[in-house]
Amino acid sequence: MSPAKEDWTGEQFEVEIGSVAHGGHFVARHEGRVLFVRHALPGERVIASVYEDNGGSFCRADAVEILEPSPDRVEPPCPFSGPGMCGGCDFQHVSWDAQRELKAQVVREQLSRLGKIDRDVVVEALPGGPLEWRTRIRMAVDSDGRPGFRGTRSHDVIPIDHCVISRPGMVEAVVDRKWRAQELTIVQDGDGNLHVGEVRGRHTVRRAGTGTAVETAAQRKWRVSAEGFWQVHPAAANTFASVVGEWAAAQPGQRAWDLYGGAGLFASVLGRQVGETGSVLVVESFPGAVEDGRRNLRRMSQVEWVADKVERAVTRRLPVEDPHVVVLDPPRKGAGKVVVAEVARRRPERVVYVACDPAALARDLAEFTVQGYRLAGLRAFDAFPMTHHVECIALLVPETR
């Protein structure tokens, strides 16, 4: 038997920081092992304190002292950011321009390594700047009833009194009292209305506000459940709908599919394009989103809804007629081989893929390549400033032979 590996939890090492890695941390090496270090930057020398070591080839650490700082390092605007503090933001210590370049590096690396695609990537800023953009947040409640955010890879609740990336007044509305809930959901909709939900187990047991959020995007007003999915950046929904519409380019009378369609944001764009003589089929597994979508698009008779999991729908329930255009907006895990294969089998002229995780996007693009499609366009957006998250939109077309 090989000897047990030494547990480095609590140990500190002086290391030089290498490249950024997917997930909001940076790569360093010590005695043949990889350290994934948060609160660092490439090129820095830091003291890294290990907070998690499960054995194997890597462990996780925080940069607790900066010996040689990067020129891209700035003072974090949030007093709750840093080692042992709130785990919500990864890049508070990074200038905004450098944040976008780090995200671009991650997307490029994931496309190259997982998708075998070499492509330059520029991450575009959305309007409004890096602070006070988040319109939907979820807060944990500690044993004393105080709301806060969890630490990095921890169940510990860090009490706070404000959040610099959230819209002003959202956190302040709930931190002045004690709560009996396990979690709180706070939503500020497009009309400025505040909706606060108390969550126990998997259910919201009480809500302050109407429970219906009003949003504006894609040339229409939306009324959606405050508990349902909507983009958290106020400029994201409209921006993404515009890009999807440009690349989908569905023509009057054509057939379009909107898979993982949510409340129908992209379906509304496709519906206008195909007109009353065309059709849009939306597949969404969450019943509340389907209900919202049917209500919001009730005057678009060309839009049909299927309430089912996409994996099941594409193999069992979708029409015989092949679509001209397919839009996919899958969850973080991606669409997966079954969905990609079924979409490709129908040979749409264009596939527009909206992705919130670059690794999942790269894996699915690799599968589309196997199925005879090529990447014809890619845009990336900084829809989540101060965090490692990045949104990508890809256009795929059949490979010409």
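Predicted model: local features only at pLDDT ≥ 70, side-chain atom pairs only at ≥ 80, totals over all residues.
1. Six strands form an open sheet with mixed pairing. Read across the sheet, the order is β1-β5-β6-β4-β3-β2. At the edges stand β1, residues 12–16, and β2, residues 20–21, each of which pairs on one side only. As background, strands of a sheet pair through backbone hydrogen bonds, and they do this either parallel or antiparallel.

2. Strand β3 covers residues 25–30 and strand β4 covers residues 33–38. These two strands pair in the antiparallel sense, over five bridges. Opposite A28 stands L35, a residue of β4.

3. The annotated region. The UniProt record, an unreviewed entry, places the feature "domain: TRAM" at residues 6–65. In the model, residues 6–65 are 58% strand and 0% helix.

4. Helix α6 spans residues 337–345, and helix α7 spans residues 358–370. Their axes come within 9 Å and cross at roughly 40°. The crossing of α6 and α7 is right-handed.

5. The helix contact. On the α6 side, the contact is made by K337, V340 and V343. On the α7 side, D364, E367 and F368 take part. Sorted by class, the contact of α6 with α7 has three nonpolar and three charged residues, and no polar ones.

Conventions: Residues numbered from 1 in each chain as written. Heavy atoms only, no water. Pairing = 2+ DSSP bridges. Helix = DSSP H or I, 4+ residues; strand = E, 2+ residues; numbered from the N terminus. Axes fitted to C-alpha atoms, helices over the stretch in contact; angles between N-to-C directions. Left-handed = near helix turned anticlockwise from the far one by under 90°. Contact = heavy atoms within 4.5 Å. Nonpolar A, V, L, I, M, F, W, Y, C, P; charged D, E, K, R; others polar. UniProt positions renumbered as here; feature names shortened; annotations may be inferred.
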